[in-house]
Amino acid sequence: MNHLTPDNQRPPCVLIAEDDQALRELLSFAMNRAGFSVACCNNGKRLLEILENGIDDASTAVDIVITDLRMPALSGLEVLEALFDRPERPPIICMTAFGDAKTHQAAIRFGATHTIDKPFDIDEMIDLVRAVYNYKNSQKE
Amino acid sequence: MRLTLRITAAVTLGIILIFSLYSYLSIQREREQLKKNLSREARNLGQSLLFIVTDLWETRGEKVAISFLRRRNLLSPNLQARWVWIDAEIGTPFRPLVLQSELSDLSNGKNLSLLVSSDDGHDFLLTYIPTKDLKGRLGGIEVRESMDELHGYVKESLRRSAMVVAAAVASALLLMTLLGSIWINRPVRRLREQAERIGSGDFSASLDIGGRDELGKLASSIEQMRGQLAAAKEADDEATREQIETLEKLRHTERLATLGQLSAGMAHELGTPLNVISGRAKLIASEELSLQEATHSARIIGEQAERMTHIMRQLLDYARRGDISKQRVVVADLLSNVVEMLHPITNKQRIEIELNLPTESYQVKADLSQLQQVLLNLAMNGIQAMGRGGKLRLDLDLHPEDKNQLRISITDDGKGISADDLPHIFDPFFTTKEVGQGTGLGLSIAQGMVSEHDGKIEIDSSPGKGSCFRLSLPLDSGEDDA
């Protein structure tokens, strides 16, 4: 299971922002099983706080973000907008239920690495997260 | 018709005046002429007689001369001649019929004609031919001529004139009526009919009364006006048609937008639970889960399926709210019932409910279960806006501006609705609540149902202080038992 290539000893960290509890739990469970460490939040405002201040004590860096676009407090697009001029931001995968091309384009334009339509195949999501993570690491080297 | 009558009356009056004047003048003239003829005749006769009498007087004496005159008078009773002495005393046989003073011209040797009236109303023409006897005493022949003939003639002239005037008036009346009808009444009637048609908005019929007179010109002016009005109306109709078309297009676009909104809402509401179900199912299928994990996943699948069922049912309620059966509902009872039903949740969330009912028992014609659902939806909306704690007030009264409307106000002191959200709160799938808390259909359904009861919902909200939903429904007077 462990074909990830961690740059140090800790497993890569995925931050999941999703307001639906059931989906959040599912993603969290699946990502955990796929070898990621997982942090969660249920709105855009909290997501932005975590990305700005780090998780809890800022000791763990967030490697990848999975976020819903439609969320209370701040929407996914608003978070993207806030992070737009921050080059050190982690890659962001956006989930959307609207599915129209405009929403996808807007997310990409605001700096999303990838967009995915709900409902998605959970395995596909895991593959996507792995691919994005590996690409990020290869860019670093 | 009145105009024709007036003109006819004026013309007739004119004809009568002119004819009368003409008749009067011609009769006067004829009368003068006749009088002149008569007096000439009398003078000639008088002179002839004077000659004879003078001759007889000189040759055979006074008595023969006077008796000659008497005999002569037997020949023509209308023309009597006799001898007079101008200076004769009253009562003597040779005294003139008129006073001496009127005969002063005779002393100059001139003839004299006078018109006199007798006491019994007859007119006479008296002609005096003077002469002097040998002693120089002034005497003469007096010719007395009756004017009855002249009067008869004048009377006849008058009668003829009257007949002519009457005939002229009658023919003028006839002609004016006939021609007035053809030249004035008929075209005026057609003009009036056309003006009335135009006035009532019918520009279709054209009018041509012919002729180049004033009425013809008026008709062509009206015809021109009709053309312009018809063109203006045509343009107006065209504009209205375009407006309606635009409106239809807009409505179609709106319908599409609503459909898009509905689809997007459905995609969001159903997409997430579907995602969870497929993900959990896949996890179970991977056979890598512990029994406990698999059971947990299976339970979540069940919950999500139930959530989707709930959404579908609400959507169907929204779409299929047509079948309603109205009955007479005592609103106060219904409100008490709703408060009773809300009791468990208000208890749990420590929310106080205040129900203010009027003393009078108001009724509405409504579908009981729908009205109950509307009230529950509005109340739940208020309760959810408050979270924990707070007071929900339900008031029932008559609409202050329309006494035929009943008003139910549901007031909460929750978070209120922002100005941005206010126009959308009745849109299907619009929600400001956390996912899973509401589908965004509750208020849409409530409003749909209220419209079907000929009522409406108005909102008064200030963010941070709370909202008030005012539901108005037509009051049932309770008179007709349908």
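Reply: **A loop and its setting**

A:Pro119 is found in the loop between strand 5 and helix 5 of chain A. Helices (H or I, at least four residues) and strands (E, at least two) are DSSP runs, numbered from the N terminus. The model is a predicted one: local features need pLDDT of at least 70 and side-chain atom pairs count only at pLDDT 80 or more, while totals for chains, interfaces and linings use all residues. Residues are numbered from 1 along each chain as its sequence is written, and chains are lettered from A and ligands numbered from 1 in the order in which they are written.

The peptide bond that runs from A:Lys118 to A:Pro119 is cis, and its omega is near -10 degrees. Most residues other than glycine have a negative phi, and most peptide bonds are trans.

Two strands pair if DSSP finds at least two bridges between them. Strand 5 of chain A is joined by four bridges to strand 4 (residues 92-96) of chain A, and the two run parallel. One of the residues involved is A:Cys94, whose bridge partner in strand 5 of chain A is A:Thr115.

Chain A as a whole has five helices and five strands, which follow the pattern β-α-β-α-β-α-β-α-β-α along the sequence. Of its 141 residues, 38% are buried. A residue is buried if 20 or more other C-beta atoms lie within 10 Å of its own, exposed if 12 or fewer, and partly exposed in between, with C-beta atoms placed from the backbone. Among contacts in chain A between residues at least 6 apart in sequence, 64% join residues at least 24 apart; two residues are in contact if their C-beta atoms, placed from the backbone, lie within 7 Å.

17 residues of chain A are in contact with 18 residues of chain B. Helix 1 (21-33) and helix 5 (122-140) of chain A each supply at least two residues of the side of chain A that touches chain B. Helix 1 of chain A gives the most to that side, with four residues. By class, the side of chain A that touches chain B has 10 nonpolar residues, one polar and six charged. Here Ala, Val, Leu, Ile, Met, Phe, Trp, Tyr, Cys and Pro count as nonpolar, Asp, Glu, Lys and Arg as charged, and the others, Gly among them, as polar.

A:Gln21 lies in helix 1 of chain A. A:Gln21 has 15 other C-beta atoms within 10 Å and is therefore partly exposed. Its C-alpha atom is separated by 9.7 Å from that of A:Cys41, 20 residues apart along the chain.

Four strands of chain B form an open sheet in the order 1-4-3-2, and the pairing is antiparallel. Strand 1 (79-85) and strand 2 (112-117) of chain B stand at its edges, each with a single partner strand, so one side of each lacks a neighbour in the sheet. The twist in this sheet averages 25 degrees from one strand to the next. Six bridges join strand 2 of chain B to strand 3 (residues 123-132) of chain B, and these run antiparallel. B:Ser113 has B:Thr127 as its bridge partner in strand 3 of chain B.

Two loops of chain B have a backbone feature of another kind. B:Arg350 has a phi near 55 degrees, a positive value in a residue other than glycine; its place is in the loop between helix 6 (331-348) and strand 6 (352-356) of chain B. B:Arg350 counts as exposed, because 11 C-beta neighbours lie inside 10 Å. B:Asp454 has a phi near 60 degrees, also positive in a residue other than glycine, and lies in the loop between helix 8 (442-452) and strand 10 (456-462) of chain B.

Conventions:
Axes fitted to C-alpha atoms, helices over the stretch in contact; angles between N-to-C directions.
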